[in-house]
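Please look through the model below before reading my remarks, which are set out as numbered points.

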Amino acid sequence: MVATPAVLHRSPVVGSRSAKTAARRRGFFADVVGLSPTLALYGAFIVVPTAFAVFLSFTHWNVDGPIRWAGFANWREFFSDPVSYHSLLVTLELAGLSWLAQTPVAMALGIFIAGTQRYRAIYATLYLLPLLMSTAGLSLMWEDVLFPQYGGLAWLGRHVHMAFLSQTWLGSPNLALYTIVVIIAWQFVPFHTLIFQAGRRAIASELYDAASVDGANVRQSFWHVTLPQLRYSIVTSSTLVLVGSLTYFDIIYILTQGGPGDSTRVLAMDMYNIGFNQTEFGYASAIATVLGAIGIVLAILLVRLSGFGSMEGTQEGIW
Amino acid sequence: MVATVAGAPGRTAARQKAPAKAAARASTLGGIRGRSKVSRFAAFLLGTIWLVFVLAPVYYMVLISFRSPAQYLTANAWLPTGGLTLSSYSAVFDSSGIGTYFRNSAELAVGTILVVVVLSLAAGYRIVRRASRFSAVSFRVILFGIAIPIQAIVIPLYFMTNKMHIYDTMYGLVLVLAASLIPVAVLLMVNYLRLIPRQLYDAMAVDGAGSWTTFTHLVIPMGRPVMAVIGIYSGLGAWNNFLLPLILTQSNSNMVLPLGMYRFASSNQYALNVPVVMATVVLSVLPLLVLYIGLRRQFVKGIGGFALR
Amino acid sequence: MPTAPRGEEEGIVKVTRASLRLPRPLGRTAALVAAGLSISTAAAVTVPVTSSSAQSSRSSSAPTATISVWMEASGTPVDNYWVAQAKAFAKANPGDTINVEFPGATVYNSKVAAALAGNNPPALTFGWGGGRELQYIKAKVVAPIGDAGKSDAGNPSWKKDFVPSSLGAVTFNNKIYGIPVGGTQPVFFFYNKKTMAKYHLSFPTTTTQLLADVKTLAKHDVTTIALGNLGGWEGLMYLEYFTDRIGGPQVFLNIQAGKKGAWSNPAIIQALTDIQTLVKDKAFEQGYNQIDWPTGFPDALVHSGAAAMQLMGDWDIGNMQGYFPGWVASGALGIGFFPKVPGGKGNPADLEGNTTDYLELAAHISPAETYVAEKFAAWLCASPAYAKFEVGEGLVPVITGSSKLFASSPLKQYLVPIYNAVKHAPYFQYSWDQALGPKESTPLYSNLQKVLGLTETPQQFAKTMNTYL
C-alpha cells in the first residue's frame, strides 16, 4: 500500500450519516481490541490491589487466619498511635527537607546546563550518572563512602585534617535523616535538572531583551523573568519531589532499616515492618492507604496546577 | 514505501519542533548576553561543585573495586596508589550467583519492555484516534494510575500473585512491573502520537486502510522514537526495581540483580569484602552506561518517564 | 558422611551465622515455658499407640513427594551441607526431591509468615520456635512434627536424640513443633587474648573493672568493645545481661508476664544507665549504630586488635573460624562471662541466648509431603553425622552424646568450656526478642538504639516500653 505525500493535501472525506455510524462502530470495536489488554493488566495489578488495600484497612488479618472485619479499628489505631504519628512526622520531614535540598539546586543546575557553553553540555551528560544506578547499587556505594571506619569520608577525616567528615552519618539519630536526604538528592536532582533545563530553554529571549532594555541586572531578570516563566517547571518538579519522598522506601530499607531508633522510620518503612514483619496486614494496609491517598492528592494538585498530564497540557520535561 | 509515509510526517514533526529549538538557543544567548563575568564564574563554580559531588562517590566506588580486601583496609582511599588488582572482578565472575542475577534482570527487563511497549502502543493509538468515548474514559482511568504509589499496593499484590500462582516467577514479576509502568508509558505514548497529523490518518482512510493497517503502516513506523523511549523507560524500571522483586520473589533462581547485590552485601558471602560488593555494583551499571552512551537522546527521555514513577 | 562441597566463591567465602541475627520473638506463654527451658510438658505426654499394620502398609509403599525446605542462610559451609544432604536424601529415596531454598536474610520472617498462609507453603521452614511459632500454631499454619507416617508428635522416636532442654521452645500443648537443626547459642564475651595481654589486662570480672579497662585501652587508641547494632538485637544482649546481673532473672520474667510498669524496674533503669556509661566512656567503636553485625566488621576489629572484645553468641566461634581460620584454632580468643555488677543480685554464671534453631512443619501440605518432610527432617537433624559436622563448624550440638565429639575438634578449647557453662548455668535466659512478640521487640530494638545513641534517657525508655506491656 502506497501513500504518497500528495494525500496530505486531500481534504477529509465527508461521508453519509450511516457511513459515519458504521465507522464509529468500527472505531469502538478497534478501541476495545486495542485497549483491552492494557486495561486488563492495569486493572488486575493496579486497580484491584488498590481497592483491596483500602478494603484490608478495615479488617484484621494476621496472614495466617481468615480476614476479619474490623470497622475503623485500624484507623483509630493509626490516628492514636504515637509510633505512626512519629512515622508520619518523619515522612513529612523527609519530604520537606527533600524539597529544600532538591528543588533550588535542580533549578540552579537546570538553568546552568541550559546554557550553550560546550563544557556545560559535558557537565550535563555527567550529571545524569546517578540515574543509571539502581537504588540498591547506589545505596551500597554510599554505605561504603560513609562507613565510619574505612569509608571514603572517614579516611579524609583521618588523613586530610577534615575531622568534620568523620561522622557517624547513618548511625547517629541526629544525622541519619539528613544523610538520607542528601543521598536521595544525589539520586534525583539530575532528573529535576532536566525539567528545569527544558523550562529555561523554552523562555523566549525577547523577555530578557525587554528586561535589559528596562535596565534590569542579572538578579532582577532572574526574579522578574526566569522565575515566573519557570513556574510550571517548579510546580511539576516540586510535586514529583514531594510525592516521591512521601513514599520513599528503598534507600531507607537498605541503609538504616528505619533506624537508628526511629529517626528514619518513614510511613512506607512502618508499613513494610508492620505488614511483612509483624504480619498485621490490616493495620499495615491502613498505612498503605494513607500513602496512596497522599500520592493521589498530590498528583491531582499537580494536574490542577500545571496542566501536566492532560491531553492539552504542557509537555516540558518530557519532550 | 512505508518510509515515505513515515518520512513525510517525521519531517513535519521536526519542522514543528525546529522553531522552538531555535528560540531556545536564542533565548539562552539572550539571557547570557546581559550577564557579567562574575555571575558566569559563579555558575561555573556551582556546576563544578555539583559535578564533584556527583562523581566523587562513583570514583571512590570504582577505585575500591580494584583493591584487594587487604589494600582496602590500608591503602589511600582516594588515590590509585598502593597497587590495584582485578581480583574482585574475577571473584564476581567466578561466583555462581551473579551470572544468574544478571540473566534474571536481563530477562525481566526484556520481558517488561516487550509487554509495556506493545500494550502502550496499541492503547496509545486508540486513545489518540478518539474514535469512541471508551478510549477517552480508558485514558482517564489509566492516567489515574500515575498517582498510585506502588508502595501502597504491595500487600495486596503479594497475596494476589500467590493466589494466581505467579508468585516467585519471572513472568509474574514482569506482569506486575509492566502494570506499574503502564500509566506513564501510555501518557508518553499519547503525547507523542498526538504529533502525527490528522491528515495522515485521513489519507490512510481514503486509501481504504482499516484500523489494523493504519496501525501497522502508520502508527508503528511513526511511533518508533517513542517506542525507544518507552522501552528505555520500562527497561530502566525493571532493571533497577528493588521493592517488587523483594516482595514478589524469593528463590535464589529468581533473584534479580539489585536484590542479589543487596543480599551479597548484607549477609554472609561477601562479608568483610567491600571491594567485591563495589565491583558488583560497578558491573551492574555497565550495561546501562553502554546504552546511555549509544542512545543518549532516547535515554534522557526514558529517564524522564522513569523518574516520574 | 558426605562432605559439604565448597562454594564457588572459594577464597572470598566468609562465614557468618547470619541466621542468628534476626529477631526470634516468642509469645508470652511460650516464653514462660521456654525461659526455664522447661521439659516438664514432654514428660506428661502419653505415647500414642500406632497400629503396626498401618505402619507397615505405609512403609511398603512409602509416599513420595517433592518438598521445599526454607533455610536461613547460615554461612556457606552449613548452607552447602544442607543442600548436599538434601541431594543425598533424594538419592537414597527415589521419587523424593528436596529443594533447599534460602529466601534471604532480612526478609526471611516476612516471607515465611506469608508463605505458610499461602497455598503452596514450604514443607519445612527454619525457625526459632517461641512466640512467632506460637502465633503460627494459633493460626493453624504449622503442624506438630513427629515420625514419618505416625501421629506421635508428642513423643517422636527422635526425641531421645536431643538434649531435653533443647525442645522447650518448640513444645506447645504437649506436642513438639520443631526439630533442632542448630547448636546451642549462649552469649559470651569473646576477647583477643593478645590485645588484653599487651596492655597487661586480664578479662574483667566486674563492670567496675571493665570501665577501668575501657580507660586504659582508650589511652592506647584501642576500642574496648566491638559492636554492630544496626539490627538492634546486638545491643539487646547488653541490656539482657546487665539486667540479669543487677536484678536477677525475675526482672524480665515480670516483663514477660506483662506486669504493669515492669519496664520501670530499678534494675532496668540501672542497666540502661550502665549501658550509657559505656557509651559515654567510648567503650564502643565509632558508628556502632550503623554497622551491621553480619558484615563481619566487629569480628575484624577484634581480630586486628583495634578492639579488645565483643559480646556475641557462641556461633561467632565458627564465624571467626571462617574469617581467620588459623587464628581462631590457635586459641587466640578468650571466652568470658558477662562481668558481675557490684551489689547486683544476679549470678555471674547465668547465661543468656538462644536454645537452638529448628525446622518447623507446615500445616497446609499434602500427607505425602508431610511424610517426606518428617522423614527428611529426622534423617538430617537427628543423626550423629550432623553432630559431627556441627562440632567441626564450631557449634555446640544439642544432639545427645555430642560432648565426646569435642576431643577431635580443632576448636575444642572453645567448645568444652561453652558446653560446661551451659550445663552448669544456674539460669539460662531465652533471648528477650524471642520471648516477646514481634510487636514488642520492634520498639524494643528502636528504643534501645536511641538509648545507645544517647538520645533517650533510661526513664523515657521505660515509659515507652511500658505502653507495650
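This is a predicted model: local features need pLDDT of at least 70, side-chain atom pairs count only at pLDDT 80 or more; totals for chains, interfaces and linings use all residues.

1. Residues are numbered from 1 along each chain as its sequence is written, while chains are lettered from A and ligands numbered from 1 in the order in which they are written.

2. Chain C has 20 helices and 15 strands, these being DSSP runs numbered from the N terminus (helices: H or I, at least four residues; strands: E, at least two). Of the 469 residues in chain C, 61% are buried; a residue is called buried if 20 or more other C-beta atoms, placed from the backbone, lie within 10 Å of its own, exposed if 12 or fewer, and partly exposed in between. When contacts in chain C between residues at least 6 apart in sequence are considered, 80% join residues at least 24 apart, a contact being two C-beta atoms, placed from the backbone, within 7 Å.

3. Strand β8(C), residues 183-192, is largely enclosed by the rest of the structure, because ten of its ten residues are buried. Strands are said to pair if DSSP finds at least two bridges between them, and β8(C) pairs in the antiparallel sense with β10(C) (residues 307-313) over five bridges, with Tyr191(C) bridged to Met309(C). Four bridges link β8(C) to β11(C) (residues 333-336), again antiparallel, and here Phe190(C) is opposite Ile335(C). Two antiparallel bridges join β8(C) to β12(C) (residues 351-354), and two join β8(C) to β14(C) (residues 396-397), where Gly183(C) has Pro397(C) as its bridge partner.

4. Strand β13(C), residues 358-362, is mostly covered, with five of its five residues buried. Its antiparallel neighbours include β3(C) (residues 124-127), joined by four bridges, with Thr125(C) opposite Glu360(C), and β4(C) (residues 142-143), joined by two, with Val142(C) opposite Ala362(C).

5. Where does Thr457(C) lie? Thr457(C) is in the loop between α19 (438-452) and α20 (458-466) of chain C, and it counts as partly exposed because 15 other C-beta atoms lie within 10 Å.

6. Between chains, 105 residues of chain B are in contact with 94 residues of chain A. The chain B side of this contact divides into 73 nonpolar, 25 polar and seven charged residues, where Ala, Val, Leu, Ile, Met, Phe, Trp, Tyr, Cys and Pro count as nonpolar, Asp, Glu, Lys and Arg as charged, and the others, Gly among them, as polar.
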